[in-house]
Amino acid sequence: MLGARRLLGALRLCSSVSCPRPRATAKLRVRDALGVQDASGECVTVQGWIRSVRSQKEVLFLHVNDGSSLESLQVVADSSFDSRELAFGSSVQVQGQLVKSQSKRQNVELKAEKIEVVGTCEAKAFPIKYKERHPLEYLRQYPHLRCRTNALGSILRVRSEATAAIHSYFKDNGFMHIHTPVLTSNDCEGAGELFQVEPSSKIKVPEENFFDVPAFLTVSGQLHLEVMSGAFTQVFTFGPTFRAENSQSRRHLAEFYMVEAEVSFVESLQDLMQVMEGLFKATTEMVLSHCPEDVELCHQFIASGQKWGVDLQTEHEKYLVRHCGNIPVFVINYPSELKPFYMRENEDDPQNTVAAVDLLVPGVGELFGGSLREERYHVLEQRLARSGLTKAYQWYLDLRKFGSVPHGGFGMGFERYLQCILGVDNIKDVIPFPRFTHSCLL
C-alpha cells in the first residue's frame, strides 16, 4: 500500500512540473473542429493531408483530413497561398480562425492565416487518384497507402471502435482480460494447419528445439483460457491467431484476430448464448452510435448486397438440420434480434459428449463457435489415452482433477464480424495488413 502511494505521489509530481513554452494556438483534430457548434474566430491549428484543392481568382479552398473522421475540414485561404506544393496527398499544417461556414454543406470552416506544407506528394506518381473510386482489389496492391482512402479509412475507424466496444462489454460484465501466448506447444483445433516456429539462425545443437518441444503460432487461446477460468470465473482474450491454410478465398486469412471467452459454472448453452448475443449487440450498437457515417459509406459503396433482416428459409433450415446434426445454430435478424434455432437434439447418442453452438451469418458463414467443455475426468482420460496424448496433456487432466467445475466458452472471428456489419465481401479488406497464401506484404 505504501509503495502504491509513493508511485501515485511521483506521478502527481511529474504532472505538476511545468516547462515554460511559448503559448501556441489550440491544436484540434478535424473531427473535433467539425464538432464545434458556435465557432467565433478561435485561433486553432489543424494538421492533416489534402484531399482536394480548388483555386479561384481570389480564394483558395482546401479540404484537409487527418483520419479522425470521414468528413474533411474546409480551409479557406487567400489566393496568395496557392502553390504547386498544395496538391492532393500533400501533408499540411494550417493555422487560422475557426469560423461559421457560409456554405450549407458544413457547419464550420478554417480561415487560414498560415499554411505550411510538411510533406509534398507527387500527384501523378501517387497510385491513389483524386475523385477516383478505386476497387478494393486494386487497393490491396498498396497496403502502405490504401489506408488514406475513404473506404479503408471508414473500415479501420469502425475496426478501432469495435475493438474498444468489445473490451468495454467484457469489462462491464465482470470479465478479466487475459493475454494468452502467441507461441504455444498446443494444437487447440487439432487440424494440423500450424505455423511452426524456429530460430532464424541455427542453435548450437541443431537437432534440439529452442524450447525443447516443438513450438507453433497459436490457432486459439481456448486452452489457456480454460486454465485461467479455474481461478477467475469469467475470462476473455482478444488477439491474433494463425492458420497455415493454403487458401486465397474471400473468407480466409493466415493471420486474423479472435475474440474468445471462457466462463466457469456454466451448465447450459443458453448461458453461453446470452453472452454471445450480448457481445454482438453491445458492440454493434456502439459502432452504429459512434461511426454512423463510416458504416453508411460501407453500406452505400462497398456492401456486397447481403439482405439483412431476412431469416433463413425453411429449406435452408432443413439443410442445416441434415448436415449439422445436433448443433444449435443462431439465425441472425440484423440488427435488432438474434434468435436461437435449435437443431434436433440427440442427447442419448454416446458420441454426443458436449453441447455446441454456432452462429451462422449470411454471406460470411460461421461467426461464433462455442461449446460446453468436457469436465469429466474419466472421459478425457480415456480419450487422451486412445490418442497417445496423456503425457502431453496431463496438465489438462489436472484441471479436472483439482477443483473442476462445469464451464464453457466461445470464439468470434473479429474480421468476419466486421464483414457482417459492414457488408464487405472479402475478409482481406477489413484488416490493415492481410496475410494469406503467397502474400505477406510489409
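Modeller: pLDDT is the predictor's confidence in each residue, on a scale from 0 to 100. The model here is predicted, so to speak of local features we need pLDDT of at least 70, side-chain atom pairs count only at pLDDT 80 or more, and totals for chains, interfaces and linings use all residues. Numbering starts from 1 along each chain as its sequence is written, and side-chain values use heavy atoms, leaving out hydrogens and water.

Biologist: Good to know! What is the mean pLDDT of the protein?

Modeller: A pLDDT of 70 or more is reached by 83% of the residues. The mean for the protein is 84.

Biologist: Which element has the lowest mean pLDDT?

Modeller: Elements here are DSSP runs, numbered from the N terminus: helices (H or I) of at least four residues and strands (E) of at least two. At the top of the range is strand β7 (residues 176–177), with a mean pLDDT of 98.

Biologist: How many strands does the secondary structure hold?

Modeller: The secondary structure includes eleven helices. Among contacts with a separation of 6 or more, 66% join residues 24 or more positions apart. The strands number 17.

Biologist: What share of the residues counts as buried?

Modeller: Buried means under 20% relative accessible area, exposed means over 50%, and partly exposed is in between (1.4 Å probe, protein chains only). The protein has 442 residues. Of these, the buried share is 42%.

Biologist: Which residues touch the most other members of the largest nonpolar core?

Modeller: A nonpolar core is a set of buried Ala, Val, Leu, Ile, Met, Phe, Trp, Tyr and Cys residues joined through side-chain atoms within 4.5 Å. Another core, of 21 residues including Val-30, Val-44, Val-92 and Val-94, lies apart from the largest one. The largest has 57 residues, and those touching the most other members are Phe-170, Leu-279, Phe-368, Phe-410, Met-412 and Tyr-417.

Biologist: Leaving aside neighbours within four places in sequence, which residues is Phe-170 in contact with?

Modeller: Phe-170 is one of the core residues that touch the most other members. Beyond four places in sequence, the partners of Phe-170 are Phe-175, Phe-236, Val-259, Ala-261, Leu-279 and Phe-410.

Biologist: Is Glu-226 buried or exposed, and which side chain does its own side chain make a polar contact with?

Modeller: Glu-226 belongs to helix α5 (residues 222–232) and is buried, because its relative accessible area is 3%. Its contacts beyond four places in sequence include Glu-262, Arg-373, Leu-399, Arg-400 and His-407. A polar contact is a pair of N or O atoms within 3.5 Å; within protein, one must be able to donate a hydrogen and the other to accept it, and residues adjacent in sequence count only if both atoms are side-chain atoms. At 2.8 Å, the side-chain partner of Glu-226 is Tyr-396.

Biologist: Why does Ser-80 count as exposed?

Modeller: Ser-80 is in the loop between β4 (73–78) and β5 (91–100). Its side chain makes a polar contact of 2.8 Å with that of Asp-78. Ser-80 counts as exposed because its relative accessible area is 60%.

Biologist: Where is phi of Phe-265?

Modeller: Phe-265 lies in the loop between β12 (255–264) and α6 (269–290). Phe-265 is exposed, because its relative accessibility is 59%. Phi is positive, in a residue other than glycine, and lies near 60°.

Biologist: Last one: how many disulfides does the structure hold?

Modeller: A disulfide is a pair of cysteine sulfur atoms within 2.5 Å. Cys-43 is partly exposed at 43% relative accessibility, and Cys-147 is partly exposed at 40%. The number of disulfides is zero.

Key. Contact = heavy atoms within 4.5 Å.
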